[in-house]
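Visitor: Hi! Could you walk me through this structure?
Guide: Happy to, let's take a look together.

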Amino acid sequence: MRLVAVLALFVVSFAVSNNANAALVEELFHQFSLFGNWATDCNTPPTPANPHVTITMPTAGLILEDHYLGPTYAVNRYSVLSAEKVSATNLSVRVIFQPGTEVEERQKLVFAVRESTRRTIFNQTDGGPVRVKDGIALARGSKTPLLHKCAEGGVSH
């Protein structure tokens with residue numbers, strides 16, 4: 001009987017912890033004004049150089065970030081697991097890239113967010129190499145795109 005009580009307590013505390021984490025993530029995404037549409041240029045179609053990024057919360061506790069790169073590319077989806085405020089302008093997030101697919105992977109990202117702009121300044125897969133450092137995509141040696149917050153309905157995919 002005690003084992004059942006301990007297991008029940010564990011399940012309840014795990015559920016409460018997950019709900020608290022989801023609420024914190026949602027609060028931080030609101031604090032950084034991340035929900036909505038982003039693009040390098042909101043008025044031109046999506047391309048790899050002009051990704052259109054949409055951040056939504058389709059259900060309580062589920063925050064999704066979708067990257068549209070154009071009609072001939074698959075959508076890059078990120079499911080946000082956790083978030084931590086690093087500074088007044090930087091937010092660290094843990095995500096699952098392409099959740100539920102054979103290429104699913106966990107990643108850590110850090111965003112610099114200021115004055116309605118956002119740039120990825122760090123990206124690393126769990127146990128893998130750093131892909132973005134100080135806002136530079138290391139494989140290409142170029143800056144990550146500076147995304148601008150688009151007006152409501154300001155991007156199309």
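**The largest pocket**

Guide: The lining of the largest pocket is made up of 15 nonpolar, six polar and six charged residues (Ala, Val, Leu, Ile, Met, Phe, Trp, Tyr, Cys and Pro count as nonpolar, Asp, Glu, Lys and Arg as charged, and the others, Gly among them, as polar). This is a predicted model, where local features need pLDDT of at least 70, side-chain atom pairs count only at pLDDT 80 or more, and totals for chains, interfaces and linings use all residues. Residues are numbered from 1 along each chain as its sequence is written, and side-chain values use heavy atoms, leaving out hydrogens and water.

Visitor: Which strand gives the largest share of that lining?
Guide: Strand β7 does, with four residues. Strands here are DSSP runs (E, at least two residues), and helices are too (H or I, at least four), numbered from the N terminus.

Visitor: Let's switch to T125. Where does T125 lie, and is T125 buried or exposed?
Guide: T125 lies in β7, which covers residues 117-125. T125 is buried because its relative accessibility is 8% (buried means under 20% relative accessible area, exposed over 50%, partly exposed in between, with a 1.4 Å probe and protein chains only).

Visitor: What does T125 touch?
Guide: Leaving aside residues up to four places away in sequence, T125 touches E105, R106, Q107 and R131. Contact means heavy atoms within 4.5 Å.

Visitor: And N21, where is that found?
Guide: N21 is in helix α1, residues 2-31. N21 is partly exposed, at 27% relative accessible area.

Visitor: How far apart are the C-alpha atoms of N21 and S82?
Guide: They are separated by 6.8 Å, though N21 and S82 are 61 residues apart along the chain.
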